Amino acid sequence: MTMDEPVVRYTRWIIRYRWLVLPLCLLVAVLIGMGMGRLQFEKDYRVYFGEDNPQLRAFEALQDIYGRNDNVLFVIAPKDGDVFTAETLEAVRELTEEAWKTPYS
């Protein structure tokens, strides 16, 4: 028995029973599609660790001391209120370039 024989037999079976295979494939696709609505991404990394994980406990203790916010917000407010001036846009560009140099950004 060569490696091609099972493939050839399978192909012939698919072609022979194509009117059974086609609706079956469509049914499977619909069922899978119905389940896609329940998929979600868990953004809380704590679900990947047990509650007794020492690194997680240390990290949570650190957050209890220094806070839980992982974000930095820069606000540029021009005195004249016009954001779309060459000077303000240049300040935004410079701030953006410098902000990318901060650790872990």
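Accessible areas come from the Shrake-Rupley method with a 1.4 Å probe, and for residues only the protein chains shown count as cover. The legends below concern a predicted model, in which local features need pLDDT of at least 70 and side-chain atom pairs count only at pLDDT 80 or more, while totals for chains, interfaces and linings use all residues. Residues are numbered from 1 along each chain as its sequence is written, and side-chain values use heavy atoms, with hydrogens and water left out.

**Figure 1. The whole chain and its surface.** The accessible surface of the chain comes to about 10300 Å², and carbon and sulfur atoms account for 63% of this area. The chain contains four helices and zero strands, giving the pattern α-α-α-α when read along the sequence. Helices (H or I, at least four residues) and strands (E, at least two) are DSSP runs, numbered from the N terminus. The radius of gyration of the chain is 29 Å, whereas a compact globule of 105 residues would have a value near 13 Å. This radius is taken over C-alpha atoms, and the globule rule is 2.2 Å times the number of residues to the power 0.38. Along the principal axes, the C-alpha atoms fill a box of roughly 75 × 50 × 30 Å. Of the 105 residues, 6% are buried; the term buried means under 20% relative accessible area, exposed means over 50%, and partly exposed lies in between (1.4 Å probe, protein chains only).

**Figure 2. The charges of the chain.** Side chains of opposite charge can pair when their charged atoms come close. The structure holds five salt bridges, a salt bridge being a side-chain nitrogen of Lys or Arg within 4 Å of a carboxyl oxygen of Asp or Glu. Asp 44, Arg 46 and Glu 60 are joined in a network of such bridges.

Figure 3. Arg 93 forms a salt bridge with Glu 90, with an N to O distance of 2.4 Å. Both residues belong to helix 4 (residues 86–99), where Arg 93 and Glu 90 are three residues apart, about one turn of the helix. Arg 93 also meets Glu 97 in a salt bridge, again at 2.4 Å from N to O. Glu 97 and Arg 93 are separated by about one helical turn because they stand four residues apart in helix 4. Arg 93 is partly exposed, with a relative accessible area of 38%. Glu 90 is likewise partly exposed at 33%, and Glu 97 is partly exposed at 44%.

Figure 4. In the salt bridge between Lys 101 and Glu 98, the closest N and O atoms are 3.1 Å apart. Lys 101 has a relative accessibility of 61% and therefore counts as exposed, whereas Glu 98, at 46%, counts as partly exposed. Trp 100 is located in the segment after helix 4. Trp 100 is exposed because its relative accessibility is 61%. The C-alpha atoms of Trp 100 and Leu 39 are separated by 33 Å, and these residues are 61 positions apart along the chain.

Figure 5. Asn 53 occupies the loop between helix 2 (18–36) and helix 3 (54–66). Asn 53 has a relative accessible area of 18% and is therefore buried. Its side chain reaches the backbone nitrogen of Gln 55 at 2.9 Å. Thr 88 is part of helix 4 and counts as buried because its relative accessibility is 8%. The side chains of Thr 88 and Thr 85 make a polar contact at 2.9 Å. A polar contact is a pair of N or O atoms within 3.5 Å; within protein, one must be able to donate a hydrogen and the other to accept it, and residues adjacent in sequence count only if both atoms are side-chain atoms.

**Figure 6. Gly 81 in a loop.** Gly 81 lies between helix 3 and helix 4, in the loop that joins them. At 55% relative accessibility, Gly 81 counts as exposed. Gly 81 and Ala 58 are 23 residues apart along the chain, and their C-alpha atoms are separated by 45 Å.
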